[in-house]
Amino acid sequence: MYPVKVTGNQVDVGMQIPSVVKPPMSRVQIAKYAGASGDFNPLHVDEMYATQKAKMKSVIAHGMLSMGFLGHLLTEWVGSPLPVRSLDVRFQNSVYPGDVITLSGQVTAKREEGDLAVLTCQVQAANQDGVVVTSGVAEVALPGEA
Amino acid sequence: MTVDAELVPAEFRALIGTESAPGPVYEVERGAIRRFAEAIGDDNPIYRDPEAAAPYGGIVAPPTFFTAVNMPWFPEPKWTWGTVSLASGRTAKYERPIRAGDVLQSTVKLIDIYTRPGRNGPLVFTVQEATVRDQHGEIVVRVQRAMARR
């Protein structure tokens, strides 16, 4: 069995997942993410397209980048991607260069599956004004005890 | 689900329920995983250091790395209206994490198209599901992608 940072017996329904605060979003990070993910949608990499054709105030970060941040919230909490069973998100508001994104979450349900504890968690990414940019639900399966 | 017929090109509507041919084969490289982890700002050593990753069975990819795997998504139709098509959501269901060395191939099904009233006019949502399999034909992850046209 691989290492985990937390086990089922250490988690209760209602528990907060430790928050992660990201450094301010930048056009450089958006460019790095475009390269790493292969998504070169001009909304993210072409300021003229984003502002003049799509009528946005600037290029925006990929919705998938905020989902990546929510993945980070989970793996930081449990130690690795191995326990993550599902991640289901809606992209609600855009992320602009300069935005400071905080990832947070809460355990909303817990059930037993053999010697595993399967946790359902509400997760969200919000900006510096408290606006939720992306939110959703994750399922994580942890060993019941160490 | 309701579809406002004039809003969605007929050729695209006709594809609902169909499945694509398998997409290109994608080899999961350590460097791609490392660059992806760097781009999302996650310095967990299991994404880059074989020694740190050994207890986990070797280098793994972050949970959203599936997005780097080229999948044969149905392309956006030729919309005759609206300003922009935006990603509206993603759902990933994992059988296991993606790992360095995996050789992956996906098929995509066009699940549904539906219309909702939006703040400034109608929104048309398109939902597709990709099934990603490894070199043994085993499913690694299923990804549902929703796009919104406005």
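Predicted model: local features only at pLDDT ≥ 70, side-chain atom pairs only at ≥ 80, totals over all residues.
Select Tyr94(B) to begin: its bridge partner in strand E5 of chain B is Val141(B). Residues are numbered from 1 along each chain as its sequence is written, while chains are lettered from A and ligands numbered from 1 in the order in which they are written.

**Stop 1: the strands around the start**

Color by secondary structure. Helices (H or I, at least four residues) and strands (E, at least two) are DSSP runs, numbered from the N terminus. Now show E2(B) and E5(B) together. Nine bridges join them, and they run antiparallel. Two strands count as paired if DSSP finds at least two bridges between them.

E4(B) pairs with E5(B), residues 139–149, in the antiparallel sense over ten bridges. Pick Val124(B) to see Arg149(B) opposite, in E5(B). Then go to the turn. Five residues lie between E4(B) and E5(B) in this hairpin, and Gly137(B) there has a positive phi of about 80 degrees.

Next comes strand E3 of chain B, residues 103–118. E3(B) and E4(B) are antiparallel and share 13 bridges. Gln105(B) faces Arg133(B) of E4(B). The hairpin from E3(B) to E4(B) passes through two residues.

**Stop 2: Gly118(B)**

Select Gly118(B), in strand E3 of chain B. Is Gly118(B) buried or exposed? It counts as exposed, with 12 C-beta neighbours inside 10 Å. The cut-offs, with C-beta atoms placed from the backbone, are 20 or more other C-beta atoms within 10 Å for buried, 12 or fewer for exposed, and partly exposed in between.

Leave aside neighbours within four places in sequence, and Gly118(B) is in contact with Leu123(B) and Arg150(B). Contact means that the C-beta atoms of two residues, placed from the backbone, lie within 7 Å.

**Stop 3**

Ten of them form an open sheet, with antiparallel pairing, in the order E1(A)-E3(A)-E4(A)-E5(A)-E2(A)-E2(B)-E5(B)-E4(B)-E3(B)-E1(B). At the edges are E1(A), residues 16–21, and E1(B), residues 26–27, each pairing on one side only.

Zoom to where the chains join. E2(A) and E2(B), residues 85–94, run antiparallel with five bridges between them. Select Val89(A); its bridge partner in E2(B) is Arg90(B).

**Stop 4: the contact between chains**

Select both sides of the contact. Chain A brings 33 residues and chain B brings 30 residues. On the chain A side, helix H1 (27–37), helix H4 (63–78) and strand E2 (84–91) each supply at least two residues. H4(A) gives the most, with ten residues. By class, the chain A side has 17 nonpolar, ten polar and six charged residues. Here Ala, Val, Leu, Ile, Met, Phe, Trp, Tyr, Cys and Pro count as nonpolar, Asp, Glu, Lys and Arg as charged, and the others, Gly among them, as polar.

**Stop 5: chain A and its helices**

Chain A has four helices and five strands. From the N terminus on, they run β-α-α-α-α-β-β-β-β. Along its principal axes, the C-alpha trace of chain A spans about 55 × 30 × 20 Å. Of its 146 residues, 41% count as buried.

Select H4(A). Of its 16 residues, 15 are buried, so H4(A) is largely enclosed by the rest of the structure. Just after H4(A), Gly79(A) takes a positive phi of about 110 degrees.

Which residues of H1(A) are buried? They are Ile30(A), Tyr33(A), Ala36(A) and Ser37(A). These cover an arc of only 130 degrees around the axis, which puts them on the same side of H1(A); the arc is that of the directions from the helix axis to the C-beta atoms. What covers them includes H2 (42–45) and H4 of chain A, together with helix H2 (30–39) of chain B.
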